[in-house]
Amino acid sequence: MAQTRDDFEVIIIGGGIAGASLAYFLGERGHGDVLLVEKEAQAAYHSSGRSASSLVEIDPVYTLQQLKMIGGRFLRNPPVGFAENPLLDPIGVVLLFPESHWSAIEQAAPVFAEDGMSLDLLTPAEASARLEGMLVEDQFAGAVALPEDGYVDVHELLSSYIRSARRAGAEVRFNTEVTGICVEGGRCSGVVTPTGTIRARTVVNAAGAWVGEIAASAGATAVEFTPRRRSIVMFAAPEGADTRSWPMLWSDSHNFYFRPDPAGILFCPMDEEPMAPCDPMADDLVIAEGLERLRAVAPRLVPRTLGRRWAGLRTFSPDGVPVVGEDTRLPGFFWLAGQGGCGIETSPAVGRIAADLLLNGATESFDAGLLAPGRFG
Ligand SMILES: Cc1cc2nc3c(=O)[nH]c(=O)nc-3n(C[C@H](O)[C@H](O)[C@H](O)COP(=O)(O)OP(=O)(O)OC[C@H]3O[C@@H](n4cnc5c(N)ncnc54)[C@H](O)[C@@H]3O)c2cc1C
């Protein structure tokens, strides 16, 4: 019988998109002495398996916008042999803006284009035409179309990360909960699991909504993370509509987004209810309120009956930006946390940065200070 190994160079806690992306980028650099541990029976059971799977590069937080743009380049053109199917379906995204924001967007658009973002400014009539005239045009002052953004195949992305990491030597253990962090001589030296202790030079905290609990049990820097529930509901497209050519539609001022899906329409009321780490359920009241906001903008879309609904947690650091890097108080304890609402689309950027920092203590691909755990003192 094969012996179960209990000593690795790197242990990654969490088999979501964050942990999987780091395992991939470590393997890509020839570092396969990696163990990925996941408490559930499968990868992506929590946030990563419940997302709306979109790439929307415009973001009010510029650091996130930059990470999304790096992620977008990877999703459009992954390395040869990485994935078996396309990672991105560029159905396009249309974002609506109110009068109060429109002139700022008009000014920012050339700057975004210079950064390499592909975008077009649309009048309300042009935006509505992209959705077969479904939009009430006086509900917004203008819109931005992102023609190269769209729907990410999360299953393909995640399984490609894990497949490549395994090829490079990484081991993945499901049904393995980390119940404690080992610290020896002021350094993190491994993890405790129900079947024993596993040693490592570096332990990575990529536990999604549970990152705060893991850090507290290690005695690492106390960063206050907030998991926030987000609900999604599916329903049928309006009769006669051909949604196959529709883009995703996003409106921060109305607090919802939706996109076409083979099963109809995927709708999100953009709820942000803070809660302790858990397996959350969709909130029907929040969905009903979101559909009332949808009624103001696209009344024909409001359904009579609802289909499948679900919810997941999006976990935010105090400034809303991911936390990536070695802990300043506990050497050997490495953060890969706080992916918030964009952990899928930013994973190719953040996974690469994390691998660079873990292996070399520095990265050329980003200003790592913006992500450093030390920014929270
Ligand atoms: C409704 C919704 C819509 C979203 N839409 C988008 C979107 O359109 N685009 C986008 O980019 N992002 C989106 N997101 C955000 C995205 O899903 C998250 O940012 C991302 O999945 C976070 O990945 P993660 O690996 O950090 O967390 P997770 O996927 O939650 O992975 C963490 C893993 O750690 C495991 N774990 C925890 N504690 C332990 C332990 N003690 N021992 C072992 N394992 C442990 C958990 O079981 C879990 O599997 C959305 C999220 C939600 C909920």
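A backbone N or O atom of S47 lies 3.2 Å from an oxygen atom of the ligand, within the limit for a polar contact, a pair of N or O atoms within 3.5 Å. A polar side-chain atom of S54 is found 2.6 Å from an oxygen atom of the ligand, and a backbone N or O atom of V178 lies 2.9 Å from a nitrogen atom of the ligand. Of the 1,000 Å² of accessible area that the ligand has on its own, the protein covers 97% (Shrake-Rupley method, 1.4 Å probe).

The model is predicted: local features need pLDDT of at least 70 and side-chain atom pairs pLDDT 80 or more, while totals for chains, interfaces and linings use all residues. Residues are numbered from 1 along each chain as its sequence is written, and side-chain values use heavy atoms, with hydrogens and water left out.

The ligand is surrounded by 39 residues, each with a heavy atom within 4 Å of it; E38, S48, S54, G340 and E345 are the closest. Domain 1 (7–49 + 155–224 + 318–376) and domain 2 (93–147 + 226–316) both contribute to this shell, so the ligand lies between them; the domain bounds come from an automatic or database assignment. Strand β18 gives the largest share, three residues (strands are DSSP runs of E, at least two residues, numbered from the N terminus).

Strand β14 (residues 248–251) directs M248 and W250 one way and L249 and S251 the other, and all are buried, that is, under 20% relative accessible area with a 1.4 Å probe, protein chains only. β14 runs parallel to β5, joined by three bridges, and pairs with β15 in the antiparallel sense, also over three bridges; pairing requires at least two DSSP bridges. W250 is the bridge partner of L95 and stands opposite Y257 in β15.

Key: Polar contact = N/O pair within 3.5 Å; in protein donor to acceptor, adjacent residues only side chain to side chain. Helix = DSSP H or I, 4+ residues; strand = E, 2+ residues; numbered from the N terminus. Buried < 20%, exposed > 50% of the residue type's maximum accessible area, 1.4 Å probe, protein only.
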